Amino acid sequence: MAAHALCSLLDVPVTASTLKRETEDHPSYPSLLSISEVLTMHGVENICASFPQEQLADIPPPYIAQIKDEKHPGDYFTVVKSCNNRQVIYLDPHSGKWVTVQANRFTRLFTGVILLAEALPNAGEAQYNLKRREERWNSIKTYLPAIALTLITIAVAARAAVQLGTGALLPVMFTLLSLLGCGVGTILMWFDLDRFNPAVQQFCRRSNKVNCNAVLQSDRARFAGFSWSEIGISYFSGQLLFLLTQGISSLPVIAAAGWISLAALPYVFYSIFVQARVLKQWCLLCLMVQGILLAQGAAALTLILPVNTMPPMLPMGILAAFTASAFLLVQLVKPMLKQNKQYRHVRRQYTRLRFQPEVFQSILQRQRQVTHDPAGLGLVMGNPEAKHTVVKVCNPYCGPCATAHVPLHELAELNENVNIRIIFTTSENPEDPRRLPVSHLMAIAEEYDPATTKSALDSWYTAKEKDYAAFAARFPVKADLQQKNTKIAAMAEWCTKVGIEHTPTLFVDNYELPESYSVHDLRNFLTT
């Protein structure tokens with residue numbers, strides 16, 4: 001959150017999902033080092049330093065600061081947007097909102113640790129617009145079921161209002177309360193799965209009398225081996241689906257739902273008694289559920305008593321079937337969600353292990369070693385005197401080679417300790433389609449500066465369709481391309497000696513990159 005907020009203030013185009021994934025995959029996560037190195041990878045120069053609290057107003061924002069939380073234990077990272085001697089505007093690490101506080105209050109939270117940052121020219125994420133569209137669509141997909149259910153409920157309520165006029169007021173209110181109950185029940189289920197999630201914590205801030213965790217994790221929060229949150233979400237979702245499918249303008253349907261809601265009222269008093277007298281702690285989410293149940297009970301009494309309606313058996317059976325189906329679905333889905341959460345935890349631990357430099361070096365040095373020096377072959381991008389060399393053996397028409405191009409060149413561009421040597425697989429045969437683009441790229445490297453050579457490589461590998469004629473017109477050369485046959489032959493001979501069988505093949509400091517690591521992983525090891 002802090003890294004993305006800082007990039008937004010610096011006008012650096014990087015998606016929140018990319019920053020989240022890269023910082024969580026960093027072996028030092030969660031730490032300021034993980035944020036620092038991820039920012040560096042995206043062209044944001046930064047430095048970590050410690051400052052006395054009294055110098056805070058002299059530091060030009062924006063910057064990342066480490067603070068202590070008044071209500072939650074531990075240290076957190078925030079972004080300071082504005083700071084002077086009177087007030088500070090900073091990002092709340094829990095709500096994700098900008099808040100304004102008195103300067104002296106913020107200095108009490110400030111630990112003294114700051115990350116100062118400055119965006120380099122062309123800083124940002126490759127293919128940002130595409131990834132931003134993907135991120136938006138993924139976000140929409142996450143909330144699409146809730147949005148669809150809400151729209152359907154509104155449409156059904158509107159239809160009932162047209163049919164019944166003012167007589168639809170109580171049935172519509174009853175249905176909307178069921179929808180609200182589904183929302184609160186979902187949050188309670190979310191709390192069960194990940195009670196430390198900052199988003200969940202926003203719904204139930206802890207205080208002396210309010211402690212959702214104490215209530216929901218107590219023995220009284222379960223019945224017959226099932227949590228009340230599971231029972232609650234099943235109750236409300238089954239009820240809502242029953243009303244939407246059977247028709248809220250039908251008196252037997254509303255009567256069936258009303259009688260069930262009356263039967264649920266004793267739970268309201270039980271829950272309040274447990275919170276007030278037994279646990280002596282309150283759960284705001286639980287109280288919201290009690291409020292919804294009480295409101296539905298009041299609506300049910302208003303609807304049922306005037307007409308002396310007895311419980312209709314068939315609608316009651318249908319409602320019970322919907323509720324039971326919802327309960328079974330919850331029992332199926334909840335373990336899957338837990339497994340997914342555990343998988344993410346295990347994956348993070350595995351990532352930390354495999355990204356330890358000692359582990360990587362140990363695995364790397366067991367791989368095939370280059371026994372023939374590639375010096376003088378191909379193209380070299382980056383600092384020729386760099387400590388680390390990555391040899392990329394590629395085909396100019398290879399799709400995976402094009403995919404590997406961008407992260408490799410970003411690595412060399414942002415890291416002076418890395419250079420990339422590109423060796424092409426082609427032949428001197430005039431009929432070989434690879435020969436012309438390779439010869440042309442070699443000629444560009446000889447006639448133009450490194451920036452133009454990089455631009456030419458980017459243009460070729462990022463093009464959707466490889467059109468040599470258009471490429472040659474954009475980057476004209478004076479040399480006779482036939483003169484490059486000697487260099488092409490030398491590269492082909494080297495590939496034969498080394499035993500290149502597929503492209504791209506990558507060698508890191510003379511060892512072949514292990515299959516368990518990708519080109520994107522190199523940034524975690526070949527650091528400045």
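What follows goes from the whole chain down to a handful of single residues.

## The big picture

Keep in mind that this is a predicted model. The chain folds into 19 helices and 13 strands. Its radius of gyration is 31 Å, well over the 24 Å that the globule rule gives for 528 residues, so the chain is more spread out than a compact globule. Laid along its principal axes, the C-alpha trace spans about 100 × 60 × 45 Å.

How much of the chain is buried? Buried residues account for 44% of the 528. As for contacts between residues at least 6 apart in sequence, 74% of them join residues at least 24 apart.

## Surface and charge

## Stretches marked as transmembrane

An unreviewed UniProt entry puts the feature "transmembrane region" at residues 142-162, 168-191, 223-244, 250-270, 282-307 and 313-333. Two of these spans are worth a look in the model. Residues 168-191 are 96% helix and 0% strand, with end C-alpha atoms 35 Å apart. Residues 250-270 come out at 90% helix and 0% strand, and their end C-alpha atoms lie 32 Å apart.

Start with Val519, which sits in the segment after strand S13 (511-512). Is Val519 buried or exposed? Val519 has a relative accessible area of 14%, and because buried means under 20%, this residue counts as buried. Leaving out neighbours within four places in sequence, Val519 touches Ala404, Pro407, Leu408, Leu506 and Leu513. Ile147 is another story: Val519 and Ile147 are 372 residues apart in sequence, and their C-alpha atoms are 39 Å apart in space.

Now try Thr425, in the loop between strand S11 (418-424) and helix H16 (435-447). With 13% relative accessibility, Thr425 is buried as well. Again setting aside neighbours within four places in sequence, its contacts are Val393, Cys394, Asn395, Pro396, Arg434, Cys495, Ile500 and Thr503. Pro396 is 29 residues away from Thr425 along the chain, with 8.1 Å between the two C-alpha atoms.

Most peptide bonds are trans, and most residues other than glycine have a negative phi. Here are some spots that go the other way.

Pro61 and Pro62 are joined by a cis peptide bond, with omega at about 5°. Pro62 belongs to the loop between strand S1 (44-50) and strand S2 (63-68). Another cis bond links Thr503 to Pro504, with omega at about -5°; Pro504 lies in the loop between helix H19 (485-498) and strand S12 (505-508).

Asn122, in the loop between strand S6 (110-119) and helix H5 (128-164), has a positive phi near 65°. Asn122 is also exposed, at 79% relative accessibility. Asn510 has a positive phi too, of about 80°, and is found in the loop between S12 and S13. How accessible is Asn510? Asn510 is partly exposed, with a relative accessible area of 39%.

Terms used:
Residues numbered from 1 in each chain as written. Predicted model: local features only at pLDDT ≥ 70, side-chain atom pairs only at ≥ 80, totals over all residues. Heavy atoms only, no water. Helix = DSSP H or I, 4+ residues; strand = E, 2+ residues; numbered from the N terminus. Rg over C-alpha atoms; globule rule 2.2 N^0.38 Å. Buried < 20%, exposed > 50% of the residue type's maximum accessible area, 1.4 Å probe, protein only. Contact = heavy atoms within 4.5 Å. UniProt positions renumbered as here; feature names shortened; annotations may be inferred.
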